[in-house]
Amino acid sequence: TVCDFIFRLKGILEFACQLDNPNGVQSQSTISKSFQDLRSKVTSKNIVFTVCNSPVLIWPNTGFQSSVESLTEASACGDILQWIESDDGGSKKSSKKKDKKKSGPTVVNMKLLFEVTEPAGNTAPSLIRVSTQQHCVKMPLPLDCALSVTTDERLETVCTGLVEALNKQLADMEEVVLQYRKGSSFLVPQPFHFQLPEPAGLITVVYPAGVPDSQLQAVREDLHRKFELPCDRPYLRRANAFHFPDAAYKDGYLRNPHIHLNPPNIEDAKLYLVQGVYSYHHYMQDHVDDNGWGCAYRSLQTICSWFQQQGYVETAVPTHTQIQQALVDVGDKEPRFVGSRQWIGSIEVQAVLNQLLGVTSKIMFVSQGSELATKGRELANHFQTEGTPVMIGGGVLAHTILGVVWSENTGQIRFLILDPHYTGGEDLQTITDKGWCGWKGPEFWDQNAYYNLCLPQRPKSI
Amino acid sequence: MGRSYFVDEAVEEYLSGLQAAPGSCVTGLLAGQSSPQRDFVVLAVQTPHRESEGQLKAPKGVSPLDDIDVEWVTEHAKQVSRMLPGGLCVLGLFLVTPPELSKDAQNALKRLIFAVEKYIIKGRLWELSEEDVTDRVTLHICSKTKKLLCKTFDVKDPKSSAKPADWKYQTGISSSWPMLTCSVEVDLQIPVTGSSSDNTDKCMKDGLRRWAKQIEAAYCLINGRQALDDSELISGQVKTLSFLCHVDSTFELRHMFEQSELGERSSALVQVCSGSMRVRGVVHCRAYIHNNKPKARHAAQAIKRDIINTVCSRVEMFLEDLCINEGSQKGLCSGQQALPRRVFAPMPISGLSVCDYMFPDESTADVAERLKEMLDCETPEEDIDTIFSIISGFEITDSQDDDSSKHVSEIQAENPKIQKPPKYYAGKLF
């Protein structure tokens, strides 16, 4: 079942409580009571959902009231779209139509509001003073609930589902807060969404802020068991969090430009592609002018970005200098290598992946470019089992291989190439139209040069 | 091109009825509503006679103008401000002088108007927006010729000079001004650090200020639709008014967390406090908006300011009273005490109402006395609309009409009328 919509509800609820003695026995029940009050607030009739960029307001707990007459509880949730004003007033580049079909579910963003003009009672205002010494605790609870639905789902069902999700998230947050509290030191509970294989779908996990993934291993093991996930690859690290289709990547790099391409139509051939998400690194980015010498460095950066975004490492993508320093550190290069414009090859890429990321790689050697056409099986296997981007260096050039279309019977092969030699801006249209990310045939390689390929291996961890 | 003041005829009546002792001056306030195009004056009140607390001050100045008790005028202005519902405010001053003082009257008026503005805005929890009119009117009346001289000063600019303005009388200026009302639930938890009364005041002020920002940022719905834009508010069609606040109840937190990456703030804010204060209950709010093509968002702004003002006024009054009664003991005792409650009464000008605050041990007789003193108007006690609410399980009686309210709450009947002199809030501010 493909879900057409994701309804996402956010709001920062304030958690506050007064503890007489943070280390005392009473404090746990005081904290729980505060959470209980928040859950009551969220199920009260004063809760209001507002749909961002629209006049739509919904009171989910009053037998469904909405500010727009035509939207009733029986409305299909897809009807909400006509009320939402898009930010740019329509797509600027109409030639991007082919992207639309690949852009995934539509995200409907909502915010949580609280009506203060329908008081439950009519108590006269009073001032209550407490004069005992207390620890006053205030903490934001960044609520973030997401529901995947099909377009014909009733709006009422969606809203009820969101209220339930809020309730559950508060309960999860309470658990995390209590578990990680030390006296009067509280960690903010943060929700993360993960897109798991069906039937689990989109789930949300609450992690304590500031506790690194490495210390949450046991939590992930439990969840892997619960959702029957394979135990050798990460699904629930923070970096694996679901990227909402409408969110821009703040760092500005393009993600997976290859998905906008149509694979070549070869008879009897199968498609083997990189798995997961990588960023496109190329010449001239980050104010580094590496035109003419940095191609292998950029391919290496693309590979590092893959390991970071799949959650295997928390380190940032290394700069040219950091890459060079790593090679000096392992004794592969002299100190004056740092700051130079010297090229590197697959062996160096393998060394740096090991040094900085703890990732091992296999090296494949090909004595002539023409031989690459015969490596279909190896590459297909690689993309199937490891699914990591491959760096290939030879002649005077380095590239990244993101996949192959290969026929076991006929041996026909095409290579999906990400070219680090591009010097322009992050313009998807240019990059795909001009083939900076594109499908190439065996004639792409220098038929006489020898090539080394670096095939990074996934660590077996969660 | 100066401003135009449209003034109710009842104000004309009041001003011409003023009697000044020969050779002396009379000061007073002018109240109403400003809009970008024009201003409306619906009330004039002379400065009440001040009960001197000690020996009579010998006239110190050369002229009666120097004898004007600036402090008392500003105090009166502040008290009257508290009595005006949303949308209405003190717009300026009038000064009646004998002919020989007319020349110096302008200087006196300028001094006064700046002093009044400065005093009124102290402790206020909301800021003027760019659209707010900052011109205030000064009206000079010659006691012999009855000639009027109307000018304005821009109180945002201490160096501003007087600009001419029009003063036009009309009947029934405010008779069809729409009234907006709503009841707002307030529940603020405010930690108190330190133990002196100054600390308590500061903490309370900070807590209220954060809450005020939340109210200002709230969505206001008029008749179920957001009052954001320049759409006009059609008089007679305001049926419902609601406020939807962002769920995070302290602006500070939301500001903090939206500015930074969520991951940067990883732990709670913990303060060791000597105690806490909680302001809790339902407040009744009211605002008026002129009917010269008013915009929905101005109406929203007027009622929001009323909400903020009413909570702030009550707390201020309560703490002032506490200071007088408990002296330096404040901050050391605990318990729940009722805040002064709001009552409404018809204004001398038809169509509008004013408000006052009643302490639990007061009665409508006290309110009537205060209205006489501060607003120079007689109000029959039965016209004072007490919107009484539940205190420990008693019945609600509530009415939002100006004319009616023969509702006598059970609480009223049970409390004996304590004969106390009406309170003049001494004006201790945060």
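**Two chains and their contact**

Modeller: In chain A, residues 24 or more positions apart account for 71% of the contacts with a separation of 6 or more, where contact means heavy atoms within 4.5 Å. This is a predicted model, in which local features need pLDDT of at least 70 and side-chain atom pairs count only at pLDDT 80 or more, while totals for chains, interfaces and linings use all residues. Residues are numbered from 1 along each chain as its sequence is written, chains are lettered from A and ligands numbered from 1 in the order in which they are written, and side-chain values use heavy atoms, with hydrogens and water left out.

Biologist: How many residues of α5(A) are buried?

Modeller: Helix α5 covers residues 295–309 of chain A and reaches 21 Å from its first C-alpha to its last, close to the 21 Å expected at 1.5 Å a residue, the expected span being 1.5 Å times one less than the number of residues. Following α5(A) comes A:Gly311, whose phi is positive, near 90°. The helix is largely enclosed by the rest of the structure, because the number of its 15 residues that are buried is 14.

Biologist: Which strand gives the most to the side of chain B that touches chain A?

Modeller: The contact takes 67 residues from chain B and 51 residues from chain A. The area buried between the two chains, meaning the accessible area (1.4 Å probe) that two parts lose on being put together, summed over both, is about 5,100 Å², and carbon and sulfur atoms give 58% of it. On the side of chain B that touches chain A, the element that gives the most, with 10 residues, is strand β14 (residues 275–288) of chain B.

Biologist: Which residue of chain B is in contact with A:Asn46?

Modeller: A:Asn46 is found in the loop between α1 (26–43) and β2 (47–51) of chain A, and with a relative accessible area of 7% A:Asn46 is buried. Leaving aside its neighbours within four places in sequence, A:Asn46 is in contact with A:Leu113, A:Phe114, A:Glu115 and A:Glu118, and, from chain B, with B:Glu185.

Biologist: How many residues apart in sequence are the parts that B:Asp135 and B:Lys163 tie together?

Modeller: Side chains of opposite charge can pair when their charged atoms come close. B:Asp135 forms a salt bridge (a side-chain nitrogen of Lys or Arg within 4 Å of a carboxyl oxygen of Asp or Glu) with B:Lys163, the closest N and O atoms being 3.9 Å apart. B:Asp135 is buried, at a relative accessible area of 13%, whereas B:Lys163 is partly exposed, at 37%. Since B:Asp135 lies in strand β5 and B:Lys163 in strand β7 of chain B, the pair ties together parts whose separation in sequence is 28 residues.

How values were computed. Helices (H or I, at least four residues) and strands (E, at least two) are DSSP runs, numbered from the N terminus. Buried means under 20% relative accessible area, exposed over 50%, partly exposed in between (1.4 Å probe, protein chains only).
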